[in-house]
Amino acid sequence: MKKFLLLTSTLLFLTSCLTLFPQPQASPTPPASPTQSQTIETDLSIFNDGLNPIYHPVIDTLSSASLYQLDFVIADDLYHITGKETVNYTNNEDVPLNEVHFRLFPNILGGEMTVENILVNGVSVQEKYKLNDSLLIVPLEKPLQVHESVKISMDFAMTIATSVDLNYGVQAYDSNVLALAHAYPMIAVYNHEGWNSEIPPQSGDVIFADMSFFVVTVDAPSDLVLVGSGRETKHEENGNRQQVRYEAGLVRDFYLTGSPNYQEFVREVDGVTLRFYTDGDYKAGVEEALNFAEESIKIFNGRYAPYPYTELDFVSTPTLALGIEYPGMIAITEWIMDPQIGYLEATVVHEVAHQWFYNLVGNDQLDEPWLDESMAQFATLQYFTDRYSEDGYFEFLSELEGRWFYIGEEKIPVGLPVRDYSDAEYSGIVYGRGGLFFIALEEKIGSENFDTFMKKLCNE
Ligand SMILES: [Zn+2]
């Protein structure tokens with residue numbers, strides 16, 4: 001995610017901006033009940049086509065990662081959604097597990113999500129809820145032993161928020177754009193802390209997730225231009241409805257957006273298909289954004305590791321963040337699509353950097369945001385340096401220094417959880433001082449050692 005420096009005034013400015021876009025007067029139709037007709041996929045080789053060939057062996061290494069099958073039905077009003085989920089979950093930890101934790105994010109993002117018919121290996125179980133119903137605890141009849149697998153299925157229904165007020169509007173239907181981030185019962189990470197579940201602070205990213213595989217079908221009104229994580233492998237039109245299938249893996253999340261106003265702009269770079277979906281009015285911004293994406297992928301491919309996927313999709317949304325990263329997808333807020341505003345390059349490059357730092361190299365985004373955000377800021381500095389030499393270095397260095405200066409260069413540690421920072425501190429420390437830390441580290445150990453360290457971090 002890329003945050004704006006002067007947070008409060010920006011939010012006010014954006015709120016007034018958003019009223020420029022009229023809401024459609026759709027006549028709501030109740031969504032049909034989804035059907036999960038096919039059994040869950042087990043042949044993981046279908047995910048090869050979405051990965052850079054050098055990562056194909058990783059599918060075997062991570063073959064016990066969670067495999068989700070999701071079937072969404074989006075109603076004509078676009079913010080009522082029903083679905084079915086079946087997930088093959090393997091205990092990849094070192095202790096037996098008595099339960100599996102799922103996050104129900106709509107319940108804390110201004111909408112609502114309910115689940116029913118929860119089955120564990122076909123047997124009905126009695127679930128529990130915590131954290132304002134954003135945590136669903138599915139009990140297991142007997143402890144799931146290390147390396148043992150279980151199949152969990154459930155039906156769900158959602159009402160999506162119709163404003164972008166909460167958590168930057170990551171999950172909202174607003175201004176004719178449906179943004180569905182983390183909009184399915186999502187398995188939390190189990191690690192040395194146990195199950196990682198908390199209500200995320202407003203200022204940071206929402207999820208901490210393991211690499212997984214997704215097979216997703218979407219049944220939606222046919223005038224909606226849909227964009228989803230991974231590859232679109234089927235598209236059928238049936239009257240005023242469409243059915244689309246996506247295959248995404250290995251990814252930490254499945255993201256879906258749609259808008260009747262999206263136009264597609266495509267470019268190829270080094271074996272990666274870049275697509276930008278936005279209103280045609282933003283065409284000038286699209287060309288610039290794709291240039292920045294192309295150059296940053298080339299730089300990061302060379303410096304860190306090859307970009308993992310065969311596709312990278314950009315979507316413009318009314319999010320209150322400047323940009324938000326998803327695996328193989330990036331949301332860019334609409335108002336910076338005007339290149340004159342000057343935020344587009346640093347935002348695009350920062351979000352592209354997250355494809356390496358957050359996605360390829362995973363971290364706990366709630367407890368250790370510096371490992372993805374400060375690193376993405378430093379990667380952006382490396383891009384500006386490689387592309388524009390000294391001028392570029394000093395231009396982005398002043399961005400990092402400016403953020404820290406804004407909070408009086410307070411010597412607050414860089415490595416705190418999101419919840420321990422105020423909004424201003426989160427911007428000043430994690431997006432400012434954290435980037436400066438990596439500059440200091442490079443100076444301390446020398447450029448050659450530092451470059452080797454970055455390569456090892458991304459390749460091992
Ligand atoms: Zn970020």
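E373 counts as buried because its relative accessibility is 0%; buried means under 20% relative accessible area, exposed over 50% and partly exposed in between, with a 1.4 Å probe and protein chains only. H350, at 0% relative accessibility, also counts as buried. This is a predicted model, in which local features need pLDDT of at least 70 and side-chain atom pairs count only at pLDDT 80 or more, while totals for chains, interfaces and linings use all residues. Residues are numbered from 1 along each chain as its sequence is written, and side-chain values use heavy atoms, with hydrogens and water left out.

H350 lies in helix α4 (residues 344-354) and E373 in helix α5 (residues 373-406), so the pair ties together parts that are 23 residues apart in sequence. Helices (H or I, at least four residues) and strands (E, at least two) are DSSP runs, numbered from the N terminus.

## Two helix pairs

Helix α3 (residues 283-303) packs with α5 at an angle of about 100°, their axes being 10 Å apart. Axes are lines fitted to C-alpha atoms, for helices over the stretch in contact, and angles run from 0 to 180 degrees between N-to-C directions. The angle makes α3 roughly perpendicular to α5. Angles under 35 degrees count as roughly parallel, over 145 as roughly antiparallel, 65 to 115 as roughly perpendicular and the rest as oblique. On the α3 side, F292, E295, S296, I299, F300 and R303 meet A379, Q382, Y383, D386 and R387 of α5.

The axes of helix α6 (residues 423-445) and helix α7 (residues 447-459) come within 6 Å and cross at roughly 120°. These two helices are therefore oblique to each other. F438, L441, E442 and I445 of α6 make the contact with S447, N449, F450, D451 and F453 of α7.

## A glycine in α6

G434 is found in helix α6 and counts as buried, at 0% relative accessibility. Not counting residues up to four places away in sequence, G434 touches S374, V414 and I429, where contact means heavy atoms within 4.5 Å.

## Backbone details

Most residues other than glycine have a negative phi, and most peptide bonds are trans. A cis peptide bond, with omega about 0°, joins G249 and L250. L250 is found in strand β17 (residues 241-251).

N167 has a positive phi, near 45°, and its place is in the loop between β8 (149-159) and β9 (171-174). H182 has a positive phi too, near 50°, and lies in the loop between β10 (177-181) and β11 (186-187). N167 counts as buried at 2% relative accessibility, and H182 counts as buried at 4%.
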